[in-house]
Amino acid sequence: MRNPDTLPPTGNEDTPQGLALAITAYGLWGFLPLYMKLLSHIPAAEVVAHRILWSVPIAAAVLIVLRRTDTLREALRTPRMLAMGCVTAALISINWGIYVWAINSGHALDAALGYYINPLFSIFLASMLLGERLNRAQMVAIALAGCAVLVLAVDAGRMPWAALGLTVSWGFYALCKKSLPIGPNQGFLLEVLILLAPAVGYLGYLAATGTAHFRFDGGRDFWLLIGCGVVTAVPLMIYANGAKLLRLSTIGILQYIAPTMIFLCAVLVFEEPFGRARAIAFPMIWAALVIYSTVMWRQMRSARAG
């Protein structure tokens with residue numbers, strides 16, 4: 001019997017439960033910079049290692065309660081699935097590392113930019129690697145995003161590497177994730193289990209050299225680092241369950257909640273400079289996303305009508 005997490009939604013309608021779950025997940029991701037900023041005195045690699053470490057018991061507990069561990073055990077015994085899991089695990093760890101560094105080093109606007117560009121990069125990947133044809137509107141949207149990046153690069157004298165790194169790592173992660181034939185909850189646990197050994201090894205090295213920030217003293221860093229597991233695993237698993245109860249077009253619109261909240265945090269809370277180049281580039285990105293969303297919405301309506 002196939003695991004229910006591997007099955008597509010049976011309907012093509014939004015449900016109140018799916019909407020509530022997806023908005024909750026995106027809202028939690030939107031507030032994540034505020035949490036990560038509390039850890040700005042800790043190197044990004046150490047924060048990522050704790051995100052991995054403390055995500056394992058949470059993700060494992062959820063699967064045990066739901067009795068959905070069969071496909072995970074199968075994946076751990078199947079070399080091909082394990083290899084695919086290693087690829088997605090590497091990509092998500094790179095994405096987490098860039099994100100934590102961007103937030104904690106005063107580049108939260110670059111993080112927002114990266115996640116804004118991501119859906120446009122995804123359709124570009126689909127065109128290049130999967131042979132999907134782009135219509136004229138989609139090509140215009142991608143061109144606008146490319147011009148926005150160029151504006152930022154010319155102004156700064158360098159490419160916005162953090163934004164591009166987040167876009168590329170998440171884009172390829174999502175692409176490879178589609179090829180992992182297990183449910184999203186099981187896939188997430190598989191990934192953090194694969195990353196667990198290097199994470200523990202790195203944290204052990206930090207402890208041995210006396211440079212670790214995690215100490216069993218019940219202090220602020222102790223609880224914040226343990227909490228990394230909660231802020232990592234919980235939104236991902238809420239989203240995974242909500243996405244199954246929503247139409248693709250609805251998910252496509254809702255995905256802008258998180259980068260918009262990151263953008264507002266960067267400007268209003270972290271007070272990052274929003275100069276002329278960004279005042280030009282971000283509206284270009286927003287215009288590209290309006291075009292992208294309109295095309296997607298029309299395609300979904302045509303599909304339902306057909």
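Is E271, at 64% relative accessibility, buried or exposed? To find out in this predicted model, select E271 in the loop between α11 (257–269) and α12 (276–305). With 64% relative accessibility, E271 counts as exposed, because the cut-off for that word is over 50%. While E271 is selected, look at its backbone too, where phi is near 55°, a positive value in a residue other than glycine. Most residues other than glycine have a negative phi.

Now turn to the largest nonpolar core, which has 89 residues, and select Y35, M36, L39, W96, Y99 and I285, the members that touch the most others. Keep L39 highlighted and, leaving aside its neighbours within four places in sequence, show V47, N104, L224, L225 and C228, with which L39 is in contact.

Over residues 18–152 the chain is 86% helix and 0% strand, and the end C-alpha atoms lie 37 Å apart.

Finally, display helix α5 (residues 108–129) with helix α7 (residues 161–177), which pack at an angle of about 45° with their axes 7 Å apart. That angle makes α5 oblique to α7, and α5 passes α7 in a right-handed crossing. Among the residues that make this contact are G114, Y115 and F121 of α5, together with W170, G171 and F172 of α7.

Methods:
Residues numbered from 1 in each chain as written. Predicted model: local features only at pLDDT ≥ 70, side-chain atom pairs only at ≥ 80, totals over all residues. Heavy atoms only, no water. Core = buried A, V, L, I, M, F, W, Y, C linked by side-chain atoms within 4.5 Å. Buried < 20%, exposed > 50% of the residue type's maximum accessible area, 1.4 Å probe, protein only. Contact = heavy atoms within 4.5 Å. Helix = DSSP H or I, 4+ residues; strand = E, 2+ residues; numbered from the N terminus. Axes fitted to C-alpha atoms, helices over the stretch in contact; angles between N-to-C directions. Parallel < 35°, antiparallel > 145°, perpendicular 65-115°, else oblique. Left-handed = near helix turned anticlockwise from the far one by under 90°.
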